[in-house]
Every structure is written in C-alpha cells, then in structure tokens.
Amino acid sequence: MNANTPFVPARVVEQQHHYYTVAAPDGIHMAARVSGAFEYRVASRSEYPSIGDAVLVERAKSLDSQAAGSNTALIQQVLPRASVLQRLNPGGSTESQAIAANVDVALVVLALDGGRAFTAGLLLRLLTTVYAGGIRPVVVLNKCDCAEEQIIQQVTSTAHENAPEVSVHVVSAHTGAGLPGLCKEWSANQTVCLLGASGVGKSSLLNALAGRQLEREGAVRADHRGRHTTTHKKLYPLADGSSLIDLPGIRELQLWANEDAVTDSFPEIAELSMDCRFDDCSHTGEPGCAVQDALSSGMLSPERYDRYLELQREAAYVRRRVDQRAQAEEQRRWKQISRDQRSFRRRGT
Ligand SMILES: Nc1nc2c(ncn2[C@@H]2O[C@H](COP(=O)(O)OP(=O)(O)OP(=O)(O)O)[C@@H](O)[C@H]2O)c(=O)[nH]1
Ligand SMILES: [Zn+2]
C-alpha cells in the first residue's frame with residue numbers, strides 16, 4: 001500500500017455490470033471501478049465486487065468519461081465476504097458469479113396471483129441458492145390482495161411443505177397487509193435482499209417497506225412474464241438502519257450449490273439419513289436406508305424425494321464440472337513448471 005494514497009473502506013451500494021457506486025462511512029457516494037492492479041490480480045469472475053461488498057477504495061479525481069463525477073474512486077480490494085449469493089455464470093461456463101454479498105436475510109418472493117410465479121421447483125432452487133450462500137431465507141408470498149382465501153391457504157401449505165423450518169409470510173405490497181410481521185424477521189444494521197422471478201413484486205415490496213417511492217414498478221405483461229429487466233442492482237438504506245437490496249428478476253437460475261446446501265433445503269431427509277446404515281448413503285437403493293424406509297411407509301412423499309434427487313444430481317454435476325476445470329488448470333500449471341525447468345536446465349548447461 002502506498003503511504004501517499006491511503007485506501008478507505010466503503011460499501012458497494014449500486015452496481016451496473018462493472019460500474020459501481022460506493023458509499024464511504026462518512027456517507028459520501030463515489031462512482032467507482034476496479035483498479036488496474038485489482039484486475040491483474042483476480043483469478044475468477046466471482047472475485048469482482050458485487051452489490052453489498054465491503055471494499056477498500058482509493059479516492060480519485062476523475063476516472064474517465066463514463067464514470068466521471070465529482071467523487072470517483074478506484075476499488076483496490078474486496079474484503080472477505082460474510083455471505084455471498086452466487087449463481088452459475090450464464091453461458092455454460094463453470095465459473096460462478098456473485099449476485100450479492102454480505103446479505104443476512106434473503107426474502108424469497110413468490111406471487112399468489114395465479115401466474116407461473118409459484119412453483120415448488122422454483123422455491124426449492126431459490127432456497128438452495130440462499131442456503132449455499134450462507135444466508136437465512138424467509139419465504140414471502142406477495143399479492144394476497146388479489147388471491148382467494150382458498151388459493152392463499154393452498155399455496156401457503158405447499159410453501160410450508162417445501163420449506164420446512166423457514167418462516168412463510170403472506171403479504172401485499174399494495175395494501176401493506178402482513179408487512180409489519182415481515183419486518184420483524186431482521187434487525188437494524190442487517191442487510192436484506194429481495195430475490196424472486198420477474199413481476200412477483202420485489203420493487204413494490206421495496207417501496208412499501210421503505211415507506212416511499214424509490215423504484216419504478218413495472219407493469220406485468222398479460223403473459224405474467226413481468227417487465228423487461230436490467231442488470232441494475234441497488235442497496236437502499238431503511239429508516240431502522242437496515243439495508244434492502246433489490247435484485248433484478250431471476251429468469252433462469254442455474255444452481256450454484258454443493259450437495260450440502262441441497263441437504264439444507266431438505267431437513268427431514270437430513271434427519272432421516274442419520275439412521276442410514278452407510279454414512280455416505282445416496283438413498284437410492286443401498287441396504288439399511290432410512291430414507292427409502294420412510295418412502296415405503298409413506299412418511300416421506302415421493303414428490304419431495306424426487307425433487308431432492310433432482311437437485312442433488314444438479315449440484316453433483318456442477319461440482320464435477322468445477323473439479324474438471326480445477327484439474328485442467330492444475331495440469332496446465334505443472335506443464336508450465338516443467339517447461340520452465342527444462343529451459344532453465346538447458347540454459348544452465
Ligand atoms: N395486486 C397486487 N399487485 C402487485 C403487488 N405487488 C406488486 N404488484 C404489481 O405487480 C407488478 C410487478 O411488480 P414489480 O414490483 O415491478 O415486480 P418485480 O418483482 O420488481 O419485477 P422485476 O423488476 O421485473 O423483477 C406491478 O404491476 C405491481 O403493481 C401486490 O401486493 N398486489
Ligand atoms: Zn439412505
């Protein structure tokens with residue numbers, strides 16, 4: 001670190017691709033980009049700053065025409081993350097991408113308005129992603145003002161079945177119903193993020209929770225697909241000192257989770273597997289499998305078991321791909337080392 005250019009701590013409060021806004025502890029906002037040295041050092045995409053990250057920045061006069069402003073900064077370092085929401089990098093690679101960092105509570109938002117917004121499969125994928133990031137999930141069923149009581153009850157019980165041990169809140173961003181109870185799920189100074197498909201009402205919830213109009217709400221198209229979303233992410237401070245992150249709607253969530261995170265989403269299967277004869281039981285036909293026993297006796301539903309296997313397979317696939325990449329990188333590294341050694345020996349003789 002250069003003594004003439006002291007780095008100051010800041011938090012990423014806005015992000016559009018690799019353009020950031022960071023807030024310093026004195027409240028000053030600065031347009032920021034990563035420094036050349038940072039870019040040179042990073043090994044993977046997930047190491048780039050993400051919304052919510054704590055960073056060290058160097059204040060600068062002006063960066064370039066795109067990020068120009070009276071206050072600008074260069075991000076020199078991303079501080080260790082307490083938690084990180086990640087997804088598989090779109091485009092078939094084996095790299096992960098950070099969606100948001102240092103989040104304490106993730107509000108997994110689904111809508112009750114009869115669109116394609118509620119499916120148990122989507123809920124489980126979102127939950128698993130949240131668990132994989134080391135974040136506490138809370139399920140939010142929005143738009144209760146336009147759903148019949150019977151539908152609300154049905155969806156609530158499906159949510160409880162698929163998210164055992166997770167709080168489920170039935171709310172309306174429009175009428176404010178259920179919001180006081182929802183707010184009790186986090187405390188001051190915590191960071192909360194809104195996660196869910198496009199059009200479920202994340203921005204509306206943000207506005208309702210903040211008590212003012214912060215974000216433009218989009219109109220849902222007739223096909224329930226929601227408005228066109230961008231990659232823009234922003235962190236909003238709430239009156240109680242907590243912060244809320246509104247993430248763009250997730251259209252297709254490629255799981256980035258290991259098998260343990262999947263197990264977190266299925267606590268009853270985790271509990272049962274403690275009685276399996278083999279510690280590494282895959283619950284797919286080994287003798288003495290308590291999960292299979294529970295299936296036969298009807299204690300565990302076949303749908304739940306199938307979803308468990310499906311997500312386990314997906315997590316295992318991601319792990320194998322990542323392992324292969326790590327192996328290939330290792331081989332490349334060793335080839336380079338032996339090449340260097342050969343040329344060193346040749347020069348030495
Ligand atoms: N009836 C009703 N409509 C709601 C409620 N919350 C949101 N909406 C409507 O649903 C539509 C989508 O809301 P948004 O808040 O833009 O949804 P979003 O999840 O932020 O969508 P993306 O930004 O695309 O991810 C808007 O037309 C809202 O007015 C609610 O509680 N009740
Ligand atoms: Zn088993």
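I take buried to mean under 20% relative accessible area, exposed over 50% and partly exposed in between, with a 1.4 Å probe and protein chains only.

**Basis.** I note that the model is predicted, that local features need pLDDT of at least 70 and side-chain atom pairs pLDDT 80 or more, and that totals for chains, interfaces and linings use all residues.

**Fold.** I looked up the secondary structure and found nine helices and 13 strands in the protein chain; these are DSSP runs numbered from the N terminus, helices (H or I) of at least four residues and strands (E) of at least two. Of the 349 residues, 45% are buried. I then took contacts (heavy atoms within 4.5 Å): of those between residues at least 6 apart in sequence, 66% join residues at least 24 apart.

**Aromatic pairs.** I searched the whole structure and found two pairs. Rings of Phe, Tyr and Trp (its six-membered ring) pair if their centres lie within 6.5 Å; planes under 30 degrees apart are stacked, over 60 edge-to-face, the rest tilted.

F38 and Y48 are edge-to-face, 5.8 Å centre to centre with 65° between the planes. F38 lies in helix 1 (residues 36-41) and Y48 in the loop between helix 1 and strand 4 (54-60), so the pair ties together parts 10 residues apart in sequence. F38 is buried at 4% relative accessibility, and Y48 is buried at 14%.

F266 and Y308 have ring centres 5.3 Å apart and planes at 80°, so this pair is edge-to-face. I place F266 in the loop between helix 6 (259-265) and helix 7 (267-273), and Y308 in helix 9 (residues 302-348), 42 residues apart. Both F266 and Y308 are buried.

Conventions:
Residues are numbered from 1 along each chain as its sequence is written. Chains are lettered from A and ligands numbered from 1 in the order in which they are written. Side-chain values use heavy atoms; hydrogens and water are left out.
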